[in-house]
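I opened this notebook to record what I looked up in one structure. The entries follow the order in which I worked.

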Amino acid sequence: MTFRGGYAKTRPGFKRISIASSAAATAFSTGKFQGASYYDYSTGQFVAVAGGNTYKIAPPSSGTDWDVTDITNSITMSSTRERVHFCQAEQYLIIQDGTNRPLIWDGSSAARSDAATNEVPIGTGPMAYGQGRLWVAQGRTFVAGDIVGGANGVLKFTENSFLSGGGAFTVPTATGGVTAMRFVAAPNTGLGQGELMIFTSDAAYSVVVPSDRYDWYAVSDPQQRVVLIHNGAMSHFSTELVNGDVFFRSRDGIRSVVQAVRDFQSLGNTPMSREMYRILKYDDPKYLQYSSGVLFDNRYLVTSQSDFDSTTGIGFKGLVALDFDLISGLSGKAPAAYDGFWTLDITRDSTTHNMSFLHIVKGRFSDVERCFAFVRNATGDTELWELTSDGDEIEDTDVDSAGATTANKITSEIETPS
């Protein structure tokens, strides 16, 4: 349940998105889900990969049915990869599977990155775009692309040669490969972007690199500072900016960069999720790298309790919700509070199906921020559901293939401190 506003009520409701019937929609829903990303183009759209093929999922210009379009263009991704990585750099969406040259989608056509012209290299992990450059992780190393507005364009990777003594940056050996990359917010700056946070599973680093390529001549390695030790981010997909902070899923729970730095002098190196230990303790560590999370409606929502299926992909049984509404009042600020563990249970044909969350993602559609979840149903097919903003919903709304809607009462329980 949620106590936002001071009274106990059910969590916000989910509503299934109606998808227009097509061969592409069927192929996407039945293929192995491998990841999705919001793409800021026109009024907004999603790009997802399933079964090695790439699909565009766009809202309708009229009516209620969303359209699924196959944009693979004969450029298939690895069909066995559990998750692919996405990153938008200006008008381009780059998709990496860790094996093949990345796919680049510009809103109208897809093409393979061209090695002959030094376009985006193969990355083995996350990517980030900030300070006018695209950053690509390759194991323990990470490289930066050319500056936006330069002679070569944002997709080329030629300026690393300016770096004194080499062409890539490296994290220390003992901490493992790069698992997440995020640019933190920096108010009162020209771009509003600050340092690049580099996470491994065991640590977090703050990286400062000159944006002007001519300043790279004097830099033998980036100015890399250790921010966290022993516990880093397990997943790029669940590492999320929360105002000036970064929240992420670590091995032992949910952590915050600001909280960890502030408490560094205290005894113990602990997460900030003891209240949810009874849920988080059942997470299988080997699947944490596939967890996903978003900041939506002033809540940090992150998937938990893995549900592995070798055919349809890695899902999670529900969402852990951390509510920041309590810190928003003028009369005083209270600590953030957990809204518990949210599951999506839908009754079809008199049978209750426990839906699995494959990936949760948010985006702006016609200037309205909306949150969606790709979920796996009882038959193994992928469906798209939208999470409503906090209101007075008491039902989740299902939609069948004929467009008929069915209301499913949200069941809730109150758990006292004892």
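Entry 1, the cavity. A cavity is a set of grid points where a 1.4 Å probe fits but cannot get out. The model I searched is a predicted one. How many cavities of 30 Å³ or more does a search of the whole structure find? I noted one. For the largest cavity I wrote down a volume of about 30 Å³. Its lining consists of P12, F296, D297, R299, L301, W342, L387 and T388. Sorted by class, that lining has five nonpolar, one polar and two charged residues. The reason for using a probe is simple: rolling one the size of a water molecule over the atoms shows where empty space is left.

I looked up the secondary structure and found three helices and 31 strands in the protein chain. The chain has 418 residues, and buried residues make up 51% of them. I then turned to contacts with a separation of 6 or more, and 53% of these in the protein chain are between residues 24 or more positions apart.

Which residues of helix α1 (residues 23–30) are buried? I listed A24, A25, F28 and S29. Seen down the axis of α1, these buried residues fall within an arc of 125°, so they line one face of the helix. The general rule I kept beside this is that an α-helix has 3.6 residues a turn, so residues three or four places apart point the same way. Next I asked what the buried residues of α1 pack against. The strands are β2 (33–39), β3 (45–50), β4 (53–58), β5 (67–70), β28 (368–376) and β29 (382–387).

I looked for disulfides, and the structure holds zero. I also checked C87, which is buried with a relative accessible area of 8%. C371 counts as buried too, because its relative accessibility is 1% and the cut-off for buried is under 20%.

I found M234 in the loop between β17 (223–229) and β18 (240–242). Is M234 buried or exposed? M234 is buried, with a relative accessible area of 13%. Leaving aside neighbours within four places in sequence, I recorded contacts of M234 with T179, S201, R249, S250, R251, P285, L288 and Q289. One of these partners is P285. M234 and P285 are 51 residues apart along the chain, and their C-alpha atoms are separated by 8.7 Å.

A110 is in strand β9 (residues 110–112). I noted A110 as buried, at 6% relative accessibility. Not counting residues up to four places away in sequence, A110 touches I71, N73, I75, L103, I104 and W105. For A110 and I75, which are 35 residues apart along the chain, I wrote down a C-alpha separation of 7.8 Å.

Most residues other than glycine have a negative phi. With that in mind I looked up two residues. Q131 is not a glycine, yet has a positive phi of about 55°. I placed Q131 in the loop between β10 (127–130) and β11 (133–138). Q131 is partly exposed, with a relative accessible area of 25%. S366 is not a glycine either, and its phi is positive at about 50°. I found S366 in the loop between β27 (356–365) and β28.

Key
Residues numbered from 1 in each chain as written. Predicted model: local features only at pLDDT ≥ 70, side-chain atom pairs only at ≥ 80, totals over all residues. Heavy atoms only, no water. Buried < 20%, exposed > 50% of the residue type's maximum accessible area, 1.4 Å probe, protein only. Helix = DSSP H or I, 4+ residues; strand = E, 2+ residues; numbered from the N terminus. Arc of directions from axis to C-beta. Contact = heavy atoms within 4.5 Å. Disulfide = S-S within 2.5 Å. 1 Å grid on protein atoms, 1.4 Å probe; cavity = no way out; pocket = protein on both sides within 12 Å on 5 of 7 lines; lining within 4 Å. Points joined across faces, edges and corners; volume = space filled by probe spheres on them. Nonpolar A, V, L, I, M, F, W, Y, C, P; charged D, E, K, R; others polar.
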